[in-house]
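Me: I've got a structure open and I'm new to it. Could you walk me through how to read it, one feature at a time?

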Amino acid sequence: MKFPALPYLPWRPPHLESSPIQLNARRLYILPTRAGMVFALLLLGLLVGAINYGLSLAYLFTFWFAGVAVVAMLHTQRNLFGLRLSAKASQPVFAGESARLLLEADNPSALKRFRIGLTHPSGVCEESDIPVGGKTDLALQLINAERGWHALGRFGIYSCYPLGLFRCWSVLELSDSNATPFGVLIYPKPAADALPLPASVGADSNAAASKTDGDDFTGLRVYQAGDTPRRIAWKAAARSQHLLTKQFSGQQGATLQLSWSQAPEKETEARLSRLTRWVLDAHAASLPFSLTLPGREIGKGIGEAHLRLCLEALARFGNPDAKN
Amino acid sequence: MPRIDLNTPLLAPLLWLILPLALVLAPHALDLPIWISLSWLVFAMLSVFSTQRKKTWSGGMKMLLSLAGVAGVLLQYGTVIGPQGGVALLVFLSGAKLLEIQTTRDRLGLLFVGCFLLVAYFLNSQSLLMAGYMVFAAGALVAAMIANVQISAQTSAQKNTPSSPQPSPQPAPELRATLGMAGRLLVQALPLALLLFLLFPRLQGPLWGLPQQGTAQTGLSDRMSPGDFGQLTLSDEIAFRVEFSTPPPSPSALYWRGPVLWDFDGRTWQTRFAVPTTPVRGEASGQPIAYAITLEPHRMRWLFLLGLPRERLPSLPNMETTLGPDLQWMSKNPINQRLRYQINADLDYRLEPDGLSAATRNRTLALPEGNPQARALAEQWANQRSDAQAIVNQALAHFRKEAFFYSLKPPLLGENSVDDFLFVSRRGFCEHYASAFVVLMRAAGIPARVVTGYQGGELNPLGDYWIVRQRDAHAWAEVWLPNLGWTRVDPTAAVAPNRVERGLNAALPAGERQAGLMNLNANWLMPLRQRWDLINNQWNQWVLGYNQDRQREFLARLNPFLSTWQGMAWGLAAAGGALLLIASLWAIPHLARVKRDPASLLYTRFCLKLQRHGIVRGDAEGAADFAQRAAQLRPDMAKPIHLITQLYLGLRYDRAEADKLAQLKQRVNAFKP
């Protein structure tokens, strides 16, 4: 990270504001960069040379370069001025995947904006351009983000365009209209190795036996993170653009109870990974399941909403920086 | 040889560096030793190759290169600092640095070096053309800085996010947009630059010693050896320009007095030791003139005068000057800057008419051994006539009557150079005639000395000033006559009167005339060249010559307060602040211009069409209500009115669809109430 923190005026600390907000002159700060300081020194040297050798043109071009730097300062501020920013809902991801916090920048003016970036204590951002009258998503990529809720929190938006001699920035904290802060939820990383699902409780032994023998193949669906590689239909996937997972029927009768104690691992995160893997596997196999964590119980269910509920419970287990 | 694809993303940053730097360095190449320019080019090519092949150069190699550069510059200049060695080394190292450009900071640093070298070039030349060229070079540098910011966004993002599998490919900086931005920055900065140029208090340099610069080519020197040089170099370079505020004298009276040569050793005229500094003893006898000379820096110490200065000579800023009794005006230090001075003088005067001191007399009569024939001739004249003036006339008549020729390519002369010239070759230019004449006079017992300077000049009628060029350099003689004092005698005029009356070219035999030399009447290019010189003169006077004095003078004309330090500071602050305010005010409404919705624009046009027929939409009237009312007023148009309103409302408040917009456009265009 080049600029870990962008300063703001201490008597005007940024506070939680609801999006969208428009960057006006009162929000923008500007200071020369290190390169700008070096450039100033260079100009000073040139001026001394011009005086010493009495070169009028050296004066003129030194002043011209200085003028260019000053005008560039206005342009740098202009590059951010008037942008409308709103935080966007970010898709939850699994730990280890790239977690991106999105911010929509709307450029209502007739001026293209160049090289605008975000700064955040725990993320990096690719600078991007915003076309005239258009919108661009500025993505803040979290580095080594761990399981749990990551609030966007206080972040900076900056630009050094056009010359890199000045950096203009603003420090903001955004919420949506319900005053809910923005952030991204990161699910635990699914365990890499696929242990079979624990035995279903309440199902008869035949059903359990038939499960291990293999059920009737019912069809294919698109691969989801967490599907076991064994169920990937490699041949079908080769013909298609996506990875495909085989689906099996005959699992309806079983009631799968996934619980904290069933995971073979002892360490908390490893257990959560294991449970995540199972939850995904169960969902992939269209098995109804319930999830029991210490202090949290989710009843039997099936489907996307149920899956999300379980994954969120796993992500927030032990309350890491929880929102909600 | 592998093909080089210049469009690869790897090469773009490098090309954005090499090309602007090459633009800046191209004029330097004319003044730098060839090996530096060549190695720079080689470095540039190598860097392209190695980037193409993703090859890096070892640290030892780079160190070796730097050391080689330092050693080479040391050998060439004897120093690695200062305006020559320093610039040469910087150029060399900027080339070597191309081989290891890795980061944005490296590139920006190199562009800063480019800015430095651009300004440093003005040590060599400050001509109008070069200034124009450098504007473009500066534009290229600024554009490269803009491109660098855009490139940096790509590379830093790629470096910082190793986890992201494929950094989205960033477009390379667009050439036109980047150049356009650079142009805009330069144009917007120009008012600020001009303001600083005018108002920034000028200090009189130098702050530290000016190093000796390369000697300039001048037509004059402090020694004169007729017969040693077979050919006189003629140069159109300008020595100085003169503006007369009184009616100018005739060209044949324009003898611009420079160094006076007192001593002769048989071959060479020079002033071997300084003339004692006594005040000038002169009497003015008429024809007052006033003129201002703008002297080009000639890196010598003398200044030029016409006539006998009336009062004290002007004191020049930061220069110590002395006026010798021989009317030789010298500065203490070499003249390295263009200089302007104003003189009030009398064209007719007598110098030391009341007699010579014994020392001066002896010195101006001294003759070394040799040249027996010349001595014999002079003694013969001295015996025939007692009157000094008559002897002078006899000598001039000798030059006129005998077969002497004016030539710029005379044969070399032997040991007794004066005898050789007077009795054998009889061909030569002003130096030969002046030298021979003074030797003859001294041999005849008349005190005489050689005076060098410039003769004549060329009037530029456009600007009403005279241009004196290096090829107008001239040498003549001065003899001391009782009661008249030192009297100018120009033996060259006796041989080639045209030289004095119509300039050098007219005096030359047909075979020797120089096509490149300007001839006032015969050259159809003359008006153009005069105009060009006029522009150059203005440039010199007002841009290059804008020094402390000029600044004070100029600002005092605007407002006396402005010409003081405080005035300049206030002026700068006020005008600079105003400029910035204007710039930001002009910039911000530009930003606030919100893109209008195309549907609204079309609807406005529809309303305007109705308005022309007296149906005006009220300020608070909704579109639907307005449609109702309009349809009642114009039942014949009810159908299109409702259709357009529906389309508009749909576009505004429902979903914007492209085909609906096209429909609306078509209907509004077809709507003719």
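Reply: Happy to. Keep in mind that this is a predicted model. Let's begin with one helix: α5 of chain A, residues 268-284.

Me: How many residues does helix α5 of chain A have, and what does it reach from its first C-alpha to its last?

Reply: It has 17 residues and reaches 24 Å, close to the 24 Å expected at 1.5 Å a residue.

Me: Is α5(A) mostly covered or uncovered?

Reply: Mostly covered, with 14 of its 17 residues buried.

Me: Next, single residues. Is A:Arg316 buried or exposed?

Reply: Find the place first: A:Arg316 sits in the segment after α6 (304-315) of chain A. Then compare its accessibility with the cut-off, where buried means under 20%. A:Arg316 counts as buried because its relative accessibility is 16%.

Me: What about chain B? Where is B:Thr294, and which residues does it touch?

Reply: B:Thr294 lies in strand β7 (residues 288-295) of chain B. It counts as buried because its relative accessibility is 5%. Leaving out residues up to four places away in sequence, B:Thr294 touches B:Ala239, B:Phe240, B:Arg241, B:Arg338, B:Leu339, B:Arg340 and B:Gln541.

Me: Let's zoom out. What are the chains made of?

Reply: Chain A comes to six helices and 19 strands, and chain B has 22 helices and 20 strands. Of the 324 residues in chain A, 56% are buried; for the 673 residues in chain B, the share is 48%.

Me: How do I read the place where the chains meet? How many residues does each one bring to the contact?

Reply: Count each side in turn: 70 residues come from chain B and 51 residues from chain A. The area buried between them is about 5,700 Å², and carbon and sulfur atoms give 73% of that.

Me: Which side chains meet in a salt bridge there?

Reply: The rule finds one salt bridge across the interface: A:Lys112 with B:Glu174, at 4.0 Å from N to O. The two chains also have six residue pairs in polar contact, both residues at pLDDT 80 or more.

Me: Which helices of chain B supply residues to the side that touches chain A?

Reply: Each of these supplies at least two residues: α5 (104-120), α6 (128-160), α7 (175-199), α16 (526-544) and α18 (565-592). The largest share, 14 residues, comes from α6(B). By class, that side of chain B has 50 nonpolar, 15 polar and five charged residues.

Terms used
Residues numbered from 1 in each chain as written. Chains lettered and ligands numbered in written order. Heavy atoms only, no water. Helix = DSSP H or I, 4+ residues; strand = E, 2+ residues; numbered from the N terminus. Expected span 1.5 Å × (residues − 1). Buried < 20%, exposed > 50% of the residue type's maximum accessible area, 1.4 Å probe, protein only. Contact = heavy atoms within 4.5 Å. Buried area = accessible area lost by both parts, 1.4 Å probe. Polar contact = N/O pair within 3.5 Å; in protein donor to acceptor, adjacent residues only side chain to side chain. Nonpolar A, V, L, I, M, F, W, Y, C, P; charged D, E, K, R; others polar.
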